[in-house]
Each structure stands twice: as C-alpha cells, then as structure tokens.
Amino acid sequence: MDSRFIHSTSFLRCNDKSENEINNGDEERISKNSVGSPLCMSGGDGDNSYSTNSLLQRRVLSKAKPVLIKNTKELMINLNFPRYIKVTDLGCSSGQNTFLAMSEIINTINVLCQERNQDPPEIDCCLNDLPNNDFNTTFKFIQFFNEKNTTSKELYFVSGVPGSFYSRLFPRRSLHLVHSSYGLHWLSKVPEGLEENKMSIYIHNSSPLSTYKAYLNQFQRDFTTFLKLRAEEMVSNGCMVLTFIGRSTIDNPLHRDCCHFWTLLSKALCDLVVEGLVSASKVNSFYIPFYDPNEKEVKEMVEKEGSFEIKDLETHGYDLGHCNQDETKRSKSGKNEANYIRAVSEPLLVAHFGDAIINILFNKFAHHVSQHASCKNKTTVSIVVSLTRKKTFLMS
C-alpha cells in the first residue's frame with residue numbers, strides 16, 4: 001500500500017498540569033472530596049473491563065454521529081479547507097470505542113475533500129484522558145483504527161495527552177475540533193456539603209434540596225472552567241461536539257427514577273451494611289463525583305460563560321443495559337447492567353471500600369436491576385450539544 005494512505009504515529013505526550021490542579025487544599029479535604037487517580041474506567045480487556053462493557057457508549061456515539069458529521073463538514077468549509085487540522089477526543093477512555101469518533105471525523109473530511117476537489121489536510125488526532133487511564137489498551141487498537149481508515153487520503157497522526165480536561169491541555173488557539181462523549185458528567189471532585197444525604201451515593205428522590213444544589217454548583221464550576229479553557233485553546237470558528245449523560249426532568253431537580261443506576265447501587269451498598277460487610281459510616285462518606293444535567297442547565301451555562309455559540313442541542317433516550325423486558329430474562333438484564341456500572345465505577349469503589357466486597361456488591365446490584373427489568377422508566381438520557389467558538393479579535 002502507498003505509504004501516503006496511512007501515517008499513524010502513537011505516542012504519549014505528558015502535560016504538567018493535570019490532576020494536581022484539581023486536588024487543592026489540606027489532606028483531609030483531598031481525602032474526602034477529590035477523586036484524583038481512582039477516577040478512571042476499568043482497564044484491560046477482561047470480562048469486567050470498560051473495553052468489554054461499553055456497548056451503551058457505542059450506541060451513544062452512533063446517535064451523535066449526524067451532529068459530528070455535520071459540524072466537521074461546516075468546520076472544514078468555514079476554515080476554507082486548511083492544510084492542517086488538530087482534533088482531540090477528551091475523556092477518550094480505552095478500547096475500540098476510543099477510535100470511533102476519530103475515524104468518523106477522518107472519513108468525513110476525506111469524503112468532503114473529494115467532493116469539493118480539495119487537497120486533504122494533515123490531521124493531528126489527540127486522545128486525552130487522566131494519566132491513570134489505560135492508554136496501553138487503547139494503543140493496542142491502533143491497528144483497528146488503521147483498518148477503518150484504509151481508504152483515507154489524509155495524513156493522520158495519533159497521540160495520547162494525559163491530563164484533566166479541567167486544566168489546560170493544549171497551546172493557545174491550536175485546536176480546531178473538540179469531541180467528548182460521556183466524559184463531562186464526571187466532576188473534578190465530590191461536591192462539599194453532602195453530609196445530610198444519608199445512605200445514598202448520589203441524588204435521589206428523598207435527598208435534601210441542598211444535595212442537588214451542591215452537585216449543581218460543582219457542575220457549574222467545572223463546566224464553566226472547561227469552556228473557558230477550551231476557548232483559550234481553540235481557533236476562532238473552531239467547534240466542539242459534547243455528549244453528556246443527562247436527565248429529562250426540569251420541574252423536580254431531585255427526581256431520579258426508581259431504577260436509576262446510582263439509586264440501585266446505593267441499595268446494594270445498604271444491603272452490605274445490613275449484612276455487616278460494610279459499615280454505615282463508610283457508605284455515608286462515599287459519594288459519586290457525577291452530575292446529570294438537563295438541557296436547560298447546559299444551555300444556561302454555555303450562554304453565561306459566553307465564549308461559544310450553541311448550534312445543535314439534542315436529547316436521546318436509551319435503555320441503560322439494553323435489557324429485554326421478558327421476565328424470563330431478568331437475570332441476564334441485571335447482569336448486563338451490573339457489568340456496565342462496574343466497568344465505570346469499580347476503581348472509585350475499590351479506592352474507598354477495598355476490593356473484597358466488589359463481586360458481592362455487583363451481584364446485589366444485578367439483583368436490584370432484575371427487580372426493575374420491566375420498568376418502563378428504565379432509561380438514561382444523553383444530551384448532545386455542538387458549539388462554535390465565537391470569533392476573537394486580537395489587539396495588534
């Protein structure tokens with residue numbers, strides 16, 4: 001094959017602004033609130049890994065695909081078909097899913113350049129996640145990425161950029177396209193002021209209103225920080241396509257349906273307390289650094305920060321575990337969802353509770369899921385938003 005068709009170089013580029021910027025304060029505050037190194041997906045490619053249990057994320061990427069293609073085309077046209085494009089996937093995690101968005105971007109650019117009789121650009125593909133992310137497993141799939149792009153005429157280069165996306169990652173005005181899928185609902189730290197939210201690791205229907213406000217305030221701070229930093233790093237007219245886990249309710253901020261995954265995980269932990277395997281105080285000191293915004297909250301924060309213009313804003317519903325509602329398959333439904341939640345939360349749980357309870361915990365979780373297998377509310381919502389960097393006017 002002509003060497004012009006595939007030029008993919010993978011390497012890990014270090015960033016000295018990473019989690020250290022998040023973990024400020026005294027030791028007690030760090031221990032209690034910051035998520036730091038445990039916040040990652042389960043690595044490797046085993047039965048409990050994120051790579052093996054990320055079907056939902058693949059479905060989410062598929063739903064967001066039209067928005068990504070549309071914005072990639074508009075970017076190329078608005079920038080008058082530049083000879084160089086820098087693209088990043090923030091919160092890339094590990095496994096084959098990591099390369100799906102990048103492949104879509106490359107193929108879209110290739111087709112558009114052919115249609116418009118333009119020379120294809122060189123593309124810098126930057127994969128970002130926290131330093132403890134399993135980049136090794138990710139880069140094992142480079143061959144998979146190359147095979148999906150065998151007809152590409154662009155020169156593309158793959159690199160890893162370890163660091164928190166709540167810190168600066170790239171030089172000023174260097175990014176053209178930012179993609180992030182199922183990353184921004186993870187917060188930089190656990191909010192403060194959750195002590196009254198007893199025996200629950202997240203917001204639920206009986207939580208005090210202060211719990212919702214604490215989570216919302218942390219999300220607002222984090223998302224504002226994210227937007228400000230990306231505004232510094234992006235070129236004028238650059239674009240972002242972001243996908244969150246969200247919620248559809250607006251009127252009741254505490255509402256989480258009876259089979260919400262963090263509600264069921266809380267129930268499973270309470271089971272372990274009753275059985276004497278975990279102390280109540282241990283459960284009461286554990287909270288998930290997560291927030292599921294609704295469309296209104298996302299829109300308000302983008303408009304308030306002011307650096308970006310909203311182009312697309314969509315919501316999509318999913319059955320979290322891709323469960324079959326047939327009662328005879330409840331056990332399988334429960335196991336499927338347990339595998340998914342374990343893949344995204346096990347490192348956090350092990351850091352707080354140790355690894356001895358994990359198998360028991362997720363057996364309990366699978367049982368609770370199976371009790372809700374026919375629940376019509378058993379969905380999660382994703383919010384897809386595309387943003388364009390507003391034009392900046394530099395002083396001469």
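Contact here means that heavy atoms lie within 4.5 Å. The structure is a predicted model, in which local features need pLDDT of at least 70, side-chain atom pairs count only at pLDDT 80 or more, and totals for chains, interfaces and linings use all residues. Residues are numbered from 1 along each chain as its sequence is written, and side-chain values use heavy atoms, with hydrogens and water left out.

Histidine 179 touches Leu61, Leu68, Thr88, Asp89, Leu90, Ala101 and Val241, if residues up to four places away in sequence are not counted. It is part of strand S4, residues 175–181; strands (E, at least two residues) and helices (H or I, at least four) are DSSP runs, numbered from the N terminus. Histidine 179 counts as buried because its relative accessibility is 4%, where buried means under 20% relative accessible area, exposed over 50% and partly exposed in between (1.4 Å probe, protein chains only). The side chains of histidine 179 and aspartate 89 are joined by a polar contact of 3.4 Å. A polar contact is a pair of N or O atoms within 3.5 Å; within protein, one must be able to donate a hydrogen and the other to accept it, and residues adjacent in sequence count only if both atoms are side-chain atoms.

Next comes helix H9, residues 295–305, in which Glu297, Val298, Met301, Val302 and Glu305 are buried. Seen down the axis of H9, these buried residues fall within an arc of 130°, so they line one face of the helix; the arc is that of the directions from the helix axis to the C-beta atoms. On the other side of H9, Glu303 and Lys304 are exposed. The cover over the buried residues of H9 includes helix H6 (209–233) and strands S5 (234–246), S6 (308–318) and S7 (380–389).
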